[in-house]
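Hello,

Here is the structure I promised to pass on. Have a look at it first, then read my notes below.

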Amino acid sequence: MTTKFQINDPSIESQWRALILFGKNSATYKFAFAKSLLGLIEEQKTKISLADLAIPFADSIVTHLKNNDKQGNSSSSKFLEGCRNYISGTISQEQLYSLTEKYGFVNVVDAFQNINGGTIPDKFYEKDYKNGKKDIIVTDNLLKIKELFQYRNLEQEVEARWNLVETAWNLQINPNLLEVKYDEEKSLFFIESDVMRRIDVTSVRDSLNGYQKGKCFYSFQDISINKNDANTCAVDHFLPHVNKIAHAKLGANINGVWNLVLSDSAINLDKKARIPEKRFLERLFNRNEFYIESKHPLAETIINQTGQTKDLRRRFLEENYNLALSLSIQKWKPNIEIIGTF
């Protein structure tokens with residue numbers, strides 16, 4: 001099965017991201033499972049028992065549970081209660097892992113590779129449950145991910161998506177009032193709760209990268225979100241920040257999520273405050289629709305900032321693009337450009 005995100009891009013990398021970014025979220029178990037699978041890639045393992053997989057799986061859930069207690073929509077969960085009991089010191093680590101093996105994987109192993117009511121074409125693992133043993137058999141598709149440039153970014157993307165989902169559940173803010181804000185100095189997304197308490201959610205780069213398929217928004221070259229890399233990507237305002245007062249008169253927050261993209265640092269230096277050619281506006285629209293399809297605080301924020309329907313959102317982008325162009329006149333295009341897939 002495919003999503004709009006995968007149109008023109010049937011790659012293994014795209015299939016992985018589709019599961020993380022667009023799969024159903026009735027609990028955050030799939031993110032812990034994804035991190036566990038990435039660990040198997042790192043170790044080049046081709047087979048692992050649920051007993052062994054329970055260790056990284058439970059550790060990830062416990063780490064998040066300490067910061068956000070709600071990790072699922074179910075009113076009760078033996079697994080989560082066990083994790084809470086471990087945190088409070090009621091049960092031992094050994095008991096936690098035993099309980100995780102028994103209850104933690106009940107739905108996630110079967111559901112993880114499903115999207116849009118079907119299974120991805122290139123599975124990352126197979127179940128091997130027989131003779132009283134429960135093992136996961138890793139396929140070559142999963143191991144091949146390590147060979148990809150984007151492998152370095154995938155764990156950060158999982159964490160960012162997890163942070164966004166759990167924040168939405170734990171804040172309990174009316175979606176119509178929800179706005180994820182951008183802290184440019186710290187390169188963070190944050191939310192102010194109803195008591196005006198600031199809650200830092202996640203890194204801007206980590207959140208945006210997956211929805212751009214790990215590519216520079218303009219040149220479609222591979223980019224890195226790792227701050228230790230020499231060529232870490234830049235966070236760019238698609239329409240220049242310099243015109244923010246004029247855009248505000250149209251009711252547009254130029255610092256909003258809808259207008260933030262990632263670009264190769266050299267491309268960003270060349271762009272400066274110029275207006276991209278209009279053909280890039282369709283890419284911005286598609287990227288924003290990916291967020292909306294994925295159902296989390298950035299989705300609600302973009303809807304609230306740009307419009308409740310696709311037609312309204314298109315009109316919003318057109319009006320603001322035309323305004324920006326009238327204030328600058330000069331259009332820009334990257335000096336390097338690879339054919340994009342969205």
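Start with the contacts. Take those in the protein chain between residues at least 6 apart in sequence: 70% of them join residues at least 24 apart. Keep in mind that this is a predicted model.

**The whole chain**

The protein chain holds 14 helices and 12 strands. Its C-alpha trace spans about 70 × 45 × 35 Å along the principal axes. Of the 342 residues, 54% count as buried. The accessible surface comes to about 16000 Å². Carbon and sulfur atoms own 48% of that surface.

**Helix 2**

Next, find helix 2, residues 29-43. It has 15 residues, and at 1.5 Å a residue they should span 21 Å. Helix 2 is mostly covered, with 12 of its 15 residues buried. Among them are Tyr 29, Phe 31, Phe 33, Leu 37 and Ile 41. Two lysines, Lys 30 and Lys 35, are buried as well. Just after the helix, Gln 44 takes a positive phi of about 60°.

**Gln 113**

Now go to the loop between helix 6 (108-111) and strand 2 (114-115), where Gln 113 lies. Is Gln 113 buried or exposed? Its relative accessibility is 6%, so Gln 113 counts as buried; the cut-off for buried is under 20%. A polar atom of its side chain lies 3.2 Å from the backbone oxygen of Tyr 125. Leaving aside neighbours within four places in sequence, Gln 113 is also in contact with other residues, including Leu 19, Gly 118, Ile 120 and Phe 124.

Strand 6 (residues 181-183) and strand 7 (residues 188-192) run antiparallel, joined by 3 bridges. Which residue of strand 7 is the bridge partner of Asp 183? The partner is Leu 188.

Best wishes

Definitions and conventions: Residues are numbered from 1 along each chain as its sequence is written. This is a predicted model: local features need pLDDT of at least 70, side-chain atom pairs count only at pLDDT 80 or more; totals for chains, interfaces and linings use all residues. Side-chain values use heavy atoms; hydrogens and water are left out. Two strands pair if DSSP finds at least two bridges between them. Helices (H or I, at least four residues) and strands (E, at least two) are DSSP runs, numbered from the N terminus. The expected span of a helix is 1.5 Å times one less than its number of residues. Buried means under 20% relative accessible area, exposed over 50%, partly exposed in between (1.4 Å probe, protein chains only). Contact means heavy atoms within 4.5 Å. Accessible areas come from the Shrake-Rupley method with a 1.4 Å probe; for residues, only the protein chains shown count as cover. A polar contact is a pair of N or O atoms within 3.5 Å; within protein, one must be able to donate a hydrogen and the other to accept it, and residues adjacent in sequence count only if both atoms are side-chain atoms.
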